[in-house]
Amino acid sequence: MLLNKKISIASSMSLAAVAVFTGLSAFLNIQLSDRALELYDRDLVSVHYAQDAQVNFARLAGRNAPLPLSRARDLGDLDRTVDALDVAMERATTDRERNGADSLRRQVLALRATTNSAPEATYGGVERQMTRLVARFRDDALARRNDADGFGRTLRLAIIVFGCATTVAILILANMLFRSVVRPLRSVVDLVSRGDSEAEQALG
């Protein structure tokens, strides 16, 4: 095989290995970024709005507002609670979260028409369910964050392993090129330096 052809093949294989490694690294980084974005956009946001709903309802319950609700301040807290639950439902990642938020939303909306001489009992029941809902959102978000951490560690390990494999492959190609080209070339050069005309013709 001609010298220039051997060099061309070795160079092409090295560039292909580098290109594959670069492409794989970019793909894995995109996957990791998507996981991080999903964790923020869905899990963390849903937890935030579930807590916001809990705070708004606690403000309403803390005043022990008479039922049915009619005062503007009480209706404002109720509307803010419902709005926060709407966002939590939209960002929920499981049916359990979504159904729980929907059930609470319907109970909160029913307070507009509920007549009860002891509203603290009604508020207390909704608050307990609100606390359980927030805990559910938090626990699910923590579990998915742990899964994302594991996924990230796996991706980083894959990048390191493939990077090492690419480096080893390039070193092997370099060694093969050295053995098949440089050493024979040195032998020919040595012969030429000693005046071997046949070797000089072969080199030419």
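Here are a few questions and answers on how this predicted model is described.

Q: Why is Asp 77 called buried?
A: Asp 77 has a relative accessibility of 1%, and buried means under 20%, so Asp 77 counts as buried.

Q: Where does Asp 77 sit, and which residues is it in contact with?
A: Asp 77 belongs to helix α2. Setting aside neighbours within four places in sequence, Asp 77 is in contact with Asn 56, Arg 59, Leu 60 and Arg 63.

Q: What makes α2 roughly antiparallel to α3?
A: The two helices pack at an angle of about 165°, their axes 9 Å apart. Angles over 145 degrees count as roughly antiparallel, so α2 and α3 get that label. Their crossing is left-handed.

Q: Which residues make the contact between α2 and α3?
A: On the α2 side they include Leu 78, Val 82 and Leu 85; on the α3 side, Ala 101, Leu 104 and Val 108 are among them. By class, the contact has 8 nonpolar, 1 polar and 4 charged residues.

Q: What does Leu 69 touch?
A: Not counting residues up to four places away in sequence, Leu 69 touches Leu 60, Asp 74, Leu 75, Leu 78, Leu 111, Arg 112 and Tyr 123.

Key: Residues numbered from 1 in each chain as written. Predicted model: local features only at pLDDT ≥ 70, side-chain atom pairs only at ≥ 80, totals over all residues. Heavy atoms only, no water. Contact = heavy atoms within 4.5 Å. Axes fitted to C-alpha atoms, helices over the stretch in contact; angles between N-to-C directions. Helix = DSSP H or I, 4+ residues; strand = E, 2+ residues; numbered from the N terminus. Parallel < 35°, antiparallel > 145°, perpendicular 65-115°, else oblique. Left-handed = near helix turned anticlockwise from the far one by under 90°. Nonpolar A, V, L, I, M, F, W, Y, C, P; charged D, E, K, R; others polar. Buried < 20%, exposed > 50% of the residue type's maximum accessible area, 1.4 Å probe, protein only.
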